[in-house]
Amino acid sequence: MPERILLQRARVVDPAAPRDQTADVLVEGDRVAEVGEALSATDAEVLDCRDMVLIPGLVDMHTHLREPGREDKETVETGCRAAAVGGYTAVAAMANTDPVADNAAVILEVRSLAAAANLCDVVPVGAITRGLNGEDMAEIGEMVEAGVRMFSDDGRCVLTARLLRNALQYARAFDGVVLAEHCEDASLAEGTQMHEGGHSSSLGLPGQPREAEEVIVARDLALARLTSGRLHVCHVSSSGSVALIRQAKAGGIRVTAEVTPHHLVFTDEDLVTYDTNLKVNPPLRSQEDRDALWQGLADGTIDAIATDHAPHAVEEKESEFDQSPPGTIGLETALAAVLTHGVDVGRIDLARAIEAMSSAPARILGLADHGGPIAPGRLANLTVVDPRSEWMVNPPFTSRSRNSAFLGRTLRGRVVHTLYRGGLVVAEGKPTR
Amino acid sequence: MNKHLLSINDLTSEDVIRILDTADSFREVGTRVIKKVPALRGRTVVNLFYENSTRTRISFELAAKRLSADVINFSTGGSSVAKGESLKDTALTLQAMGADAIVIRHSSSGSPYALTRWVHGSVLNAGDGTHEHPTQALLDVYTIRERLGRLEGIRVAIVGDVLHSRVARSLSFALVKMGADVTLVGPPTLIPPDVAAWGVQVSHDVDAVVPKLDVCYMLRIQRERQRQQYVPSVREYSRLFGLTTRRVAMLPEGALIMHPGPMNRGVEIDSDVADLPQAVIEEQVTNGIAVRMSLLYLLLGGSAPPPGRAEDSEREEAGADA
């Protein structure tokens, strides 16, 4: 008899069904056995989920696991454990490792490390160009055979329009493949430290205009139209980009987009103390941009919320602002940040939040076992959240790094249990393996 | 007043007046045969200079020494920094050695803020990247007040590469705080965005601004701005924005010409102009010592009163030592 877990009386929010009602969910082995009212199951481990929300496991389409190469910052295992603690059951591991994930060998290595960790699914992202050099197309076909569905040179933008055009066109040979672009014009971004505006002027930090993103979003959308290729825009930060993507979607261009929790919560004004944990790329932008991001998320222009989890060593972040690498960790705070700053204040509703953090990224990545619906026979990738639990973000983190933009901030909403393939990988907020 | 001086925005207008008034009383010390008062005896001031700046370092060194503080100059060449020591470890080391104040000059904007997270003593910003240079602004304001007798309502143009100038930021903030009317003048590429929020005006036409000024403050232009395409050439910059003899003739009578130094004679300021009597550039330097004495004294909570009441100083100091 397989192990049975009965999740009792949770508010089940399952946008893929769609469903939002109180129910019991019975998990048997690695699968959901039953969803219904007042289920009983002998020998099942019963988890009382009253006042809690049960959702499909979260999916992060933008994670930097740093392995291979920078295991001092994060490993596949520590990153997966941080993901599980944050309620994630699948993460897409970005390609800018050392060596770069531009060939099947690195992809298979990351996959095998993830399988050994057995904490969540890891979907490796392949590089679009060899060594992220922006010039020579990587062997996309070989990586597709190794299971890759998303390709990205994240960390930088594909330099030339010609190469991106060819890559978008070439990738059409493979079903379900999407190219994810870090949209940033290198010449406008060079040397910049934050968003360009009144705050960069006062702080004396070289500013990056939002147009550094928008000119590339516009270019890439035009190329997606030209090639009929599938484009995904990473970490949208500017109001103008939201408008361009909205218009492109209306025009039938095959584009999806993501936004990070930190761009939804913080603005350039928060940099007044030169806090290096708030130095991110793209930079935190203005209030107006932040409002446009929420609007784009609410109306579906932006499909997904992705963390851009970017672990960095303490000594790298504890340095001069212009010498500190950009990035914040995010897996352990993403859901609480979205609940606190989005759902609780009425910017988006809970179902949309869960869709953006689970169903939508699962759909974009082609992960049939994630994102719901929560139904009999499907793999039990589930998360239980206490939406009212308040906590202050402070070390220790499950991640190997602690460069969180949210350090010292109070958030509401805590992941209580995470079930990955039916296994309780997080119980009562603590990792079990 | 705060424990640190990181930005002019840390100060109220009352603080500024107090700093200037205290500097007034310290300036007299520089004219004595024995240029020293015991105000900071036994206190340690570290000059932590990550950028070469002989004039600012010497000015701070003299200021601290005239207050009888022990002064340590820590420059990056030949120190542990050259061996790759981080700013944090350097700060912790200075902290462990008992620095009461750290005067920091650094090429990275915001470095003094980072320093305050790691040390207990006062931190004085002696210029950080393209952010601020508050002591320069205070000595400039001191010089203007002394020469013109007031700050409120005076009309000041700050001309040149405002975008990259820490002096321009601090001086704009200080002058606006004291009620002056400030215009930033330069090519549009060298004026930072959204500066209206500073309470200043912007112009790109020197000739239109000059006839209405009480102070014409010239900034240094670096030749690399040409390579970076901010201006087509230093020659054209000089022609459009340099302070020439012709433009000086358009200045109202009694208007001051100022420059933070070091000057590029013949680029942003004609050589003859720099030597005119209304150019108070050397006075700025002299006043810098008194203003820095004032700041060190006020920030370190000087245990003795300012000079002029020398008879009290020994007693007060003994009390503070207890």
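Guide: Let's start with a definition: two strands count as paired when DSSP finds at least two bridges between them. Keep in mind that what you have on screen is a predicted model.

Visitor: How many bridges join strand 6 of chain A to strand 7 of chain A, and which way do the two run?

Guide: Four bridges join strand 6 to strand 7 (residues 88-93) of chain A, and the two run parallel. For a spot to look at, find A:Thr63, which stands opposite A:Ala93 in strand 7 of chain A.

Visitor: What is the order of the strands in that open sheet of chain A?

Guide: Three strands make up the open sheet of chain A, in the order 6-7-8, with parallel pairing. Strand 6 (58-63) and strand 8 (121-124) of chain A are the edges; each has a single partner strand, so one side of each is left without a neighbour in the sheet. From one strand to the next, the twist averages 20°.

Visitor: Which helices of chain A pack on or lie across these strands?

Guide: Helix 1 (residues 76-85) of chain A packs on the sheet and touches strand 6, strand 7 and strand 8 of chain A, with its direction at about 135° to that of strand 7 of chain A. Helix 13 (residues 350-365) of chain A lies across strand 6, strand 7 and strand 8 of chain A, at about 60° to strand 6 of chain A.

Visitor: Where is A:Gly69 found?

Guide: A:Gly69 is in the loop between strand 6 and helix 1 of chain A. It counts as partly exposed because it has 13 C-beta neighbours inside 10 Å; the buried label takes 20 or more, and the exposed label 12 or fewer. Beyond its neighbours within four places in sequence, A:Gly69 is in contact with A:Thr97 and A:Asp98. The C-alpha atoms of A:Gly69 and A:Thr97 are 6.0 Å apart, although 28 residues separate the two in sequence.

Visitor: On to domains. What does the domain assignment give for chain A?

Guide: It gives domain 1 (4-54 + 377-431) and domain 2 (57-365) of chain A. Their centres, taken over C-alpha atoms, are 26 Å apart. The contact uses 32 residues of domain 1 of chain A and 43 residues of domain 2 of chain A.

Visitor: Which strands supply the domain 1 side of that contact in chain A?

Guide: Strand 16 (382-392), strand 17 (410-420) and strand 18 (423-427) of chain A each supply at least two residues. Strand 17 of chain A has the largest share, seven residues. By class, that side of domain 1 of chain A divides into 18 nonpolar, nine polar and five charged residues.

Visitor: Is strand 17 of chain A mostly covered or mostly open, and what does it pair with? How many of its residues are buried?

Guide: It is mostly covered, with nine of its 11 residues buried. Eight bridges join strand 16 of chain A to strand 17 of chain A, running antiparallel, and A:Asp386 stands opposite A:Arg414 in strand 17 of chain A. Three bridges join strand 17 of chain A to strand 18 of chain A, again antiparallel, with A:Thr418 opposite A:Val426 in strand 18 of chain A. The hairpin of strand 17 and strand 18 of chain A has two residues between the strands, and A:Arg421 there takes a positive phi near 50°.

Visitor: What does the domain assignment give for chain B?

Guide: Here you get domain 1 (8-132 + 285-317) and domain 2 (134-283) of chain B. In the contact, 24 residues of domain 1 of chain B meet 21 residues of domain 2 of chain B. Helix 12 of chain B gives the most to the domain 1 side, with seven residues.

Visitor: Why is helix 6 of chain B said to be largely enclosed?

Guide: General idea: an α-helix has 3.6 residues a turn, so residues three or four places apart point the same way. In helix 6 (residues 166-177) of chain B, 10 of the 12 residues are buried, so this helix is largely enclosed by the rest of the structure. The buried ones include B:Arg166, B:Arg169 and B:Phe173. Among the elements of chain B covering them are helix 1, strand 4 and helix 5 (134-148). Helix 6 of chain B reaches 17 Å from first C-alpha to last, close to the expected 16 Å. After this helix comes B:Gly179, with a positive phi near 85°.

Visitor: And between the chains, how many residues does each one give to the contact?

Guide: Chain A gives 17 residues and chain B gives 21 residues. Helix 6 (residues 198-203) of chain A gives the most to the chain A side, with three residues. By class, that side of chain A has four nonpolar, eight polar and five charged residues.

Terms used:
Residues numbered from 1 in each chain as written. Chains lettered and ligands numbered in written order. Predicted model: local features only at pLDDT ≥ 70, side-chain atom pairs only at ≥ 80, totals over all residues. Axes fitted to C-alpha atoms, helices over the stretch in contact; angles between N-to-C directions. Contact = placed C-beta atoms within 7 Å. Domains from an automatic or database assignment. Nonpolar A, V, L, I, M, F, W, Y, C, P; charged D, E, K, R; others polar. Expected span 1.5 Å × (residues − 1).
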